Amino acid sequence: MSVVRPPTVRLGAEPGRRRLLTALLGAPLLASGGLAGCSDGAATSAPDGPVELSVFWWGGARRAELTEKALRLYSARNPRVTFRVTWQGADGYYDRLATQAAGGNVPDLIQIDDAVLTEYARREIILDLTDPVTDNRLDLRGLPEGLIRYGTVEGRTMAVAAGQTHASLVFNRDLLKDLRLPEPRSDMTWDEYISWAEQVTEASDGRVAGTVDPSGDYRALWLWLRSQGGDLYRGRQLGFGVEQLIAWFEIWQEARRARATPGAALVEPADSGEPAKQLVVTGLTAASVAWSHQLPELQRLTKAELGVVGLPGPAAVQWARASMYWAAFRGTRHPDAVIDVLNFLTTNGEAGTILGHERGLNASLAVRRYAEGSITDPAQQRAAAFGATLADQLGPAPAPPPKGHARVRSLLVDAAESIRVRRSGTRAVATRFLAEANATLAE
C-alpha cells in the first residue's frame, strides 16, 4: 500500500485555489524566467507577488526529506516563492496524479519517468521547455548530450532529467566471499554471466540461486538487443522480431534448466520491480537486475554488503539514461517560476549537494563535480563510482520510449511468466507478444 503525504503538509503558504483541468490545458505555455548558477545558489526571477507552487513526486521518506530541504533553499533565496508538496510510493503514483487532474488540483511540477514521457508530451499535459532551453533560462549545457536527448520528444525538450542511472547487476558481496567465488564483472558476456550464476547455485548447495531470471525485464532485453545490433523500439513499433525474442527467452530457459535461476514462483514477486521484493535482498539470489541509483535503497533492506556492476555485454549498449524526470504541467499559472525552480534543481551546486545520489547521478556534470566530496553514504558512493566508470563508454541515446511503453513492459512480464510455468510454447508466446505489443504502440 502506498504511503501518501496529504496535500495539507506543505512548505510555505496555504494551497492556492483549485483549477479545472480544461482551463489548465488552455493556459499559456511560457513566460520569462531567470537562471540559477551552479555555485552561487541564487535564482533570479522571483515574481513581484507571492507564488505557491505545488510539487508531486514518488519515493520514500529519505527522498522527501532531501527534496523538501532543496526546495526550502530555493525559498530562502526567493522568499516570494513557496511550495506545497505531496509525495508517495511508486505504486499507484500515476493513478493519484490522474485523480489530482480530475479534481482540478494538478501540481505545477511533477516527477515522471520514461513510461509516460512521450504520451504526456503528445497529449499536451506537460509544458514544452524548448524555448527556455534555447535561450538558457533553463540551462542544460552542463548535461551529457545523451541525457538531454532522452528528455526530448519529436525534437522538443519536454522534461529534464532529475538524475542519471543505468541498468545494473546488484550482487551480494558477503555471500560471494563466504562461497569463495569471484564477483560478477561488467565486461561479462551473457553466457559467462549465466555460467557464473550456475557456480553460485552449486557452491551454495542450491540454497541460493546465482541470478534472478530477467527474461521479462525490459531493461535486460533492451541492452541485449542493442548488443545484437537491434533496439527495443523503432519509432512507434518494436525494433525486433519473433526470432530474436525466442532467442532471448531460450537463453533463460537454458539458465533455468541449469539451476542458475530460482523457480518461477520465486521469481514472480521480483517482476514487480519493488525494491523490497528483489531477490538479492530477500536472500534468494546472489544478484538481481536493478537501476544503479536504487543501490542505496536496496542496501537499506539487507545487512549484507551489496555491490554493483553493469549488465553483461559491452558498456556501449548503455546510454546516459534519466532515472526520472522533472516536468512542468502545461497549465501552470506560474511557468516562469516553475522554469526557474527547474533550473535551480538542475544547475545549482548547493541543491545538488543536498539531493546527493537519491535520484541517481546528478544530471549536471558541473554539479556532480561541485558535490563530489559531499556524498558520505557508502552505498551512494559505490553507485556514484559505478556511474563514473561508465561515463566515457556510453553509447548514443535512443529516443524516449513511445506511447504504450508501460503496457509493452507489462506484456513482456506476462509472456515471460507464461513461458516459465509452461502455459504455452515459446514461439506461440513470442508471436502473441509481438502482435499485442505492436497493436498497443499503434493506438
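Student: Is strand E11 (residues 285-291) buried or exposed, and how many of its residues are?

Tutor: Start with the cut-offs: buried means under 20% relative accessible area, exposed over 50%, and partly exposed in between, using a 1.4 Å probe and protein chains only. Here 7 of the 7 residues of E11 are buried, so the strand is largely enclosed by the rest of the structure. Strands (E, at least two residues) and helices (H or I, at least four) are DSSP runs, numbered from the N terminus. Keep in mind that this is a predicted model, where local features need pLDDT of at least 70, side-chain atom pairs count only at pLDDT 80 or more, and totals for chains, interfaces and linings use all residues. Residues are numbered from 1 along each chain as its sequence is written, and side-chain values use heavy atoms, with hydrogens and water left out.

Student: Which strands does E11 pair with?

Tutor: Two strands pair if DSSP finds at least two bridges between them. Strand E7 (residues 167-172) runs antiparallel to E11, and 5 bridges join them. Strand E8 (residues 209-211) runs parallel to E11, joined by 2 bridges. For a spot to look at, Ala-287 of E11 is the bridge partner of Phe-171 and also of Thr-211. Thr-285 in E11 has Ala-209 opposite.

Student: What is the strand order in that sheet?

Tutor: The order is E8-E11-E7-E12, an open sheet of 4 strands with mixed pairing. E8 and strand E12 (306-310) are at the edges with a single partner strand each, so one side of each has no neighbour in the sheet. On average, neighbouring strands here are turned by 30° against each other, direction ignored. For angles, axes are lines fitted to C-alpha atoms, for helices over the stretch in contact, and the values run from 0 to 180 degrees between N-to-C directions.

Student: Which helices pack on the sheet?

Tutor: Contact means heavy atoms within 4.5 Å. Helix H8 (residues 190-203) touches E7, E8 and E11, and its direction makes about 160° with that of E8. Helix H17 (residues 378-390) touches E7 and E12, at about 15° to the direction of E12.

Student: And how do I read a pair of packed helices?

Tutor: Two packed helices are described by the angle between their axes and the distance between the axes. Take helix H10 (residues 242-257) and helix H18 (residues 405-420): their axes come within 11 Å and cross at roughly 45°. That makes H10 oblique to H18; angles under 35 degrees count as roughly parallel, over 145 as roughly antiparallel, 65 to 115 as roughly perpendicular, and the rest as oblique.

Student: Which residues make the contact?

Tutor: From H10 come Leu-245, Phe-249, Gln-253 and Arg-256, and from H18 come Leu-412, Ala-415, Ala-416, Ile-419 and Arg-420.

Student: What about the other sheet, with E13 in the order?

Tutor: That open sheet has 5 strands in the order E2-E1-E3-E13-E6, again with mixed pairing. Its edges are E2 and strand E6 (160-165), each with a single partner strand, so one side of each is left without a neighbour in the sheet. The twist averages 20° from one strand to the next. Inside it, strand E3 (residues 109-112) and strand E13 (residues 321-328) run antiparallel, joined by 4 bridges. Gln-111 has Trp-326 in E13 as its bridge partner.

Student: Where is Pro-79?

Tutor: Look in the loop between helix H2 (61-77) and strand E2 (81-88). Pro-79 is exposed, with a relative accessible area of 66%. Pro-50 is 29 residues away from Pro-79 in sequence and 8.2 Å away in space, C-alpha to C-alpha.
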